[in-house]
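Please consult the sequence and coordinates shown here.

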Amino acid sequence: MAYVITDACVSCGTCEGECPVGAISAGDGKFEINADSCVDCGTCAGACPTGAIEQG
């Protein structure tokens, strides 16, 4: 199951650069993960400084 970015996101962009498949992009007020592209690796969750990324 794809990871999701919660409202704790501060739009720092750290996760976008860490995603090996480019599934993360800037959204409206926070970053978003494209569930169809996400390979469920968890790299983004480990990189997030606010813990805003959870397994969906």
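The sulfur of Cys48 lies 6.2 Å from the closest cysteine sulfur, in Cys12, which is too far for a bond. This is a predicted model, in which local features need pLDDT of at least 70 and side-chain atom pairs count only at pLDDT 80 or more, while totals for chains, interfaces and linings use all residues. Residues are numbered from 1 along each chain as its sequence is written, and side-chain values use heavy atoms, with hydrogens and water left out.

**Cysteines**
- A search of the whole structure finds 0 disulfides (a disulfide is a pair of cysteine sulfur atoms within 2.5 Å).
- Cys48 is buried at 17% relative accessibility (buried means under 20% relative accessible area, exposed over 50%, partly exposed in between, with a 1.4 Å probe and protein chains only).
- For Cys9, the closest cysteine sulfur is that of Cys15, at 6.1 Å, too far for a bond; Cys9 is buried, at 15% relative accessibility.

**Salt bridge**
- The whole structure contains 1 salt bridge (a side-chain nitrogen of Lys or Arg within 4 Å of a carboxyl oxygen of Asp or Glu).
- Lys30 pairs with Asp7, and their closest N and O atoms are 3.4 Å apart.
- Lys30 is partly exposed at 23% relative accessible area, whereas Asp7 is exposed at 72%.

**Phe31**
- Phe31 is buried, with a relative accessible area of 8%.
- Its contacts (heavy atoms within 4.5 Å) include Ile5, Cys9, Cys12 and Cys15, not counting residues up to four places away in sequence.
- Phe31 and Ala45 are 14 residues apart in sequence and 12 Å apart in space, C-alpha to C-alpha.
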